Amino acid sequence: MQKQTNLNTTLLNKHSLFELLSSRFSDEEKKLSDIPNPALLQDASSSAKRIADAIQNKERITLVGDYDVDGVSSTSIMVDFFRQIPYPLEAIIPNRFRDGYGVSPNVLQRVEADLVITVDNGIAAIGAAAICKERGIDLIITDHHTPSDILPEALFIVDPKLETCTYPFKEICGAQVAWLVLALVKKELGLQIDMKQFLDILAIAIIADIMPLININRILVKEGLKVLMTSNRPSSIIIRDFLNKSSISSEDIAFMIAPRINSAGRLEDASIAMEFFTAADTNKAYKQFELLGQLNDLRKETEAECTKLAIDAADGNADVIVVAGKNWHEGVVGIVAARLVDKFGKPSIVLSLQNGIAKGSARSIGEVSIYELIKSCEHLLTKFGGHTMAAGLGLEEENIEEFTKAINESASKLDRDDFLPKESIAGKLNTQDIDLELLNLIEQFEPYGEANLRPKFLIENAEVVSIKLMGKDKLHSRIQVRQNPHELKTLELIAFRTVFEMPESKKISCSYTLSKNEFNNKVSAQLLINKIY
């Protein structure tokens, strides 16, 4: 099964491109005032009332988050909100290596509280809920992951994906669920806390958790990026200084900021990232951001080593690629799975083996729900959870072979078209049309991301004029091309993680995206290669 892309060779001008991008949005653009009432989230009002009662009765409250960007963002928004009440809140983000995922019997050993609240986790915490019940601790679960058939016995569960939940828009992240619940807590206590101030962190969570940038997510990210540009939150000041741009895009967050925030939980401890978001001054925020940068560099090295081993171990003919390796770093298996999807165009699962136990991550492609595929093999698993496009799982090492067969058996029953990438090519552009006006036109339809992909364009059989390798390790390529022999003007293409060598034909065909590149207060077009054909 080959990876396919819809190669549209239609020649576009600015007007036809505007029409094409406009057609993505049939509904009128949402405003912040269009966000549905948080009370429509099942049990959100009851949860807010219980939290407000706990504050008024001076009860001990513990918050349990998650170690990814969404989990850290959720936790940080909660911590900041409670700080502004002010009310003491014990915030715990489990350590991936010592504690495992989410609220767990492990984590509860060090909790002394009357009320435990989870953010971005808990929907599968059957054991932890039983322990809370036994110890007389009220448990409120706020999550956005897909529930399984059996739910934890918690006091309240707030999750838009519950079948009985009537919240009008289901595709929200954990930080959004937490933020909506806090809006109701604010109302219960009659607080004067401006909920808009949290949109900078909220936008980062929505982008990093690959939520579809449609409906309310689109306006929250749009407004959140504006808040990020003006907020006096120390972490936002540091992000602005680091990016050094007149405006920040969703891609800046996805490629430059989210990996840094994620690296703490992947390699060491997510509290480093939480301390960045909740820093009281820019000195502390800068120190934490420097540390996140170092961890991210280490993450890149670890990921590159693991990716090479995973590619060598992969069966490219399988419908679902499953690879496992002894002591592969648990913190990077999710990224490595994504690299395998890019390489083979197949859903991929990467497992790290330690002491007979396999723990790993899965990533998908096209319309294939990796969550449903994994669920079809749950009799072979010790745990699993996640979304359509990404999931986590655990199993005994001895069951890997049987699991690989079973998941491929399930995948073989799916429609072949489900495996095709969602991406498509908008068309071709004339060299002279690639100017500031075109960049401004494309910018009008931001933020780009899941469900609103930045348009991709096609270059066919362009003459390669020159190639320069760039970056510290010379692993990226800068390629000058001429689309038509009679043109004097050349285009500069950037290919990240690609060492491009001059083809015998001296020609290149590829898809690319267009964005603004700001350097020394000058704005130019940046053409990033998406795929070379």
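Buried means under 20% relative accessible area, exposed means over 50%, and partly exposed lies in between (1.4 Å probe, protein chains only). The model is predicted: local features need pLDDT of at least 70, side-chain atom pairs count only at pLDDT 80 or more, and totals for chains, interfaces and linings use all residues. Residues are numbered from 1 along each chain as its sequence is written, and side-chain values use heavy atoms, with hydrogens and water left out.

**View 1. F255 sits in helix α10.** This helix covers residues 250-267. Helices (H or I, at least four residues) and strands (E, at least two) are DSSP runs, numbered from the N terminus. F255 is exposed, because its relative accessible area is 63%.

**View 2. A cis peptide bond joins I85 to P86.** Omega is near -10°. P86 belongs to the loop between α3 (69-84) and β3 (90-92).

**View 3. The loop between α16 (436-443) and β13 (456-470) holds P447.** The peptide bond between E446 and P447 is cis, with omega about 5°. A451 lies in the loop between α16 and β13 too. A451 is not a glycine, yet its phi is positive, about 70°. Its relative accessible area is 48%, so A451 is partly exposed.

**View 4. K474 lies in the loop between β13 and β14 (476-482).** Its phi is positive, about 55°, although K474 is not a glycine. Is K474 buried or partly exposed? It is partly exposed, because its relative accessible area is 46%.
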